[in-house]
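Let's take a walk through this structure, from the place where the chains meet down to single residues. Keep the viewer open as you read.

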Amino acid sequence: MNILVFVKRVPDTESRIRIRHETHSVIEDGLNFVISPYDEYAVEEALRIREARGGVVRVVSVGRDESLTVLRKALAMGADEALLVKDDAPETYDGLRTARAVARAVEARFPGTDLLLFGKQSVGADNSQVPAMTAELLGLPQATVVTKIELGEGTLTAVREIEGGAEKMTLALPAVVSAQKGLNEPRYETLKGIMAAKKKDIPVVTLEALGLTAEDLAPQVEITGLDVPAARAAGRVLQGEPGETARELVALLRGEAKVI
Amino acid sequence: MIAVFMETRDGKIKKSSLEALSEANRRSADIGCEAVAVLAGPEPEEAAGPAFSAGAARVHVLVSPALADYSAQGYAMALADWAREARPAALLFAATAMGRDLAPRAAARLGVGLVSDCVKIGVRDGRLEFTRPIYAGKAVLSCRLRSSPQMATLRPNVFPLEGAAGGTGEIVRTDVVIPDGAVKGRVVEVLKEQGGEIDVTEAEVVVTGGRGLKGPENFALLRELAAVFPKAAVGASRSAVDSGWIGHQHQVGQTGKTVSPNLYFAIGVSGAIQHLAGMSSSKVIVAVNKDPEAPIFKIADYGIVGDLFQVVPALTGEIKKALAE
């Protein structure tokens, strides 16, 4: 199995987001960046498939040089090779632009890939667009938000989360799968893995070298504003005997908030 | 025109699709165009009624036996072919499991941008301006799309629904050709969660438990409270999920789901920043916690400082009484 995993560098989930209004951008100073949590499930699944079936696990990231750190993390977990598709543009929130870069990288560099794994969304842009868009651009079937994968011969069975349940899908390989929490429990890097990852050379390719044109890369999303949400004011806090406070709260929910 | 894809489950249009259609109808009035609904399937016209009462000027039905079961590939082909002919100014979806799976695929097929998970839509210079949370609600992005049709998914439970009873009107039929072998992935089985629980993203009331519950068995208290409401779901904090007390599909927060119910109960939830991100857009927030300094009280509309094991059963009883009146 030739498996490709796509990873993105994002601020960790404990981050407090601050905005630079002039440029509609997030202030990066002081943020701690990590591999997007859902991407870790994708890397882990790829490693488990390789352990069971043999093959090669390659990781790819589209972004600035700083993204090399998340590629090294995936190598330290056990991935065989990595590639950085260098994109110096600030966050565009434009999934199609990224999907075009990803699809071109697959066609140009990894044509024999059997399985493309993604996180179900990047933590931050929260788009959930790139996996399905990449699948369409490459003409491959997709299963998104997946909590279970089983491989057959030339096929894959995936369980994907839907409202109040799940769907079991079968896909012909090659295919695109995006990982949801619950797919597996990602491993920690070992010291040996970290040392080996440090020694690995990570090639870097530019968008232009992949054959992407200015037209392909022009963002379709025009950002008109970026802000933090209006803060919620603290409300009324009730203390006292449980039965009493419960009665008082229900009266407020009914009379004042009008939600009961 | 603004077109809205109508998702059906068990032969009925989903409420979140009708919410999106209601919003399309309001915005089309601002632009001076009409809102239409798009249904796909082997005999989709049978489900069309509610789309008319939610404001559709017409219902376009895309018909093929190959659309009997949902597949992103088949549905994206049908929708993209239709959109190239019909040329809607905008094409909207509900941001459901299906909408989030289908909209990006259709957008890529049309070669256009997509805005995910909108919570507000305005009109500026004749184009739609979308507002959406990013970083699970820690920031809010406004944007427009340069490409056409302008495509977006709309978060369920946010846009007001107008009339959802039956209705009649003009149905325009398009026969769709899906070539043999073009669909390489399909759903073979739908597995419903036991007890037919509704999803936290679709519930009008969410009752969420955290570490303060002390163990998985105590989610029973929250289920009893949720059962008092007609459309409620049980949620959980990340630490409750990571402790193995309840399935991850219940998780609310930055690595779980983002919810906007009418009423949100945070029970024994301290209020870590990644949890607050996922639920701050709820209309009314109630917190129950024994620690008066818990961060959750800083954003809750109403709080009770006390022992949840006493407060929650009392609340369940009081709400039951109030609803019975």
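## Where the chains meet

In this predicted model, 79 residues of chain B are in contact with 73 residues of chain A, two residues being in contact if their C-beta atoms, placed from the backbone, lie within 7 Å. On the side of chain B that touches chain A, the residues divide into 38 nonpolar, 20 polar and 21 charged. Here Ala, Val, Leu, Ile, Met, Phe, Trp, Tyr, Cys and Pro count as nonpolar, Asp, Glu, Lys and Arg as charged, and the others, Gly among them, as polar.

A note on conventions: residues are numbered from 1 along each chain as its sequence is written, and chains are lettered from A and ligands numbered from 1 in the order in which they are written. As the model is predicted, local features need pLDDT of at least 70 and side-chain atom pairs count only at pLDDT 80 or more, while totals for chains, interfaces and linings use all residues.

## Chain B as a whole

Chain B has eight helices and 18 strands; these are DSSP runs, numbered from the N terminus, with helices being H or I of at least four residues and strands E of at least two. Its radius of gyration, taken over C-alpha atoms, is 21 Å, close to the 20 Å from the globule rule for 325 residues, so chain B is as compact as a globular protein of that length. That rule is 2.2 Å times the number of residues to the power 0.38.

Along the principal axes, the C-alpha atoms of chain B fill a box of roughly 60 × 45 × 40 Å. Of its 325 residues, 59% count as buried, meaning that 20 or more other C-beta atoms lie within 10 Å of a residue's own C-beta, placed from the backbone (exposed is 12 or fewer, partly exposed in between). Among contacts in chain B with a separation of 6 or more, 66% are between residues 24 or more positions apart.

## A helix and an enclosed strand

Just after the helix, B:Gly32 takes a positive phi of about 85°.

Now find strand β11 of chain B (residues 150-154): five of its five residues are buried, so the strand is largely enclosed by the rest of the structure. B:Gln150, B:Ala152 and B:Leu154 point one way, and B:Met151 and B:Thr153 the other way. Strand β6 (residues 90-94) runs parallel to β11(B), with five bridges, and B:Ala94 stands opposite B:Leu154. Strand β7 (residues 114-118) also pairs with β11(B) in the parallel sense, over three bridges, with B:Val115 opposite B:Ala152.

## Core and loop

In soluble globular proteins, nonpolar side chains tend to be buried together. The largest nonpolar core here has 198 residues, and A:Val5, A:Ala74, B:Val4 and B:Val38 have the most contacts inside it. Such a core is a set of buried Ala, Val, Leu, Ile, Met, Phe, Trp, Tyr and Cys residues joined through C-beta atoms within 7 Å.

A:Gly211, in the loop between β13 (204-206) and α6 (214-217) of chain A, is exposed, with 10 other C-beta atoms within 10 Å.

Terms used
Pairing = 2+ DSSP bridges.
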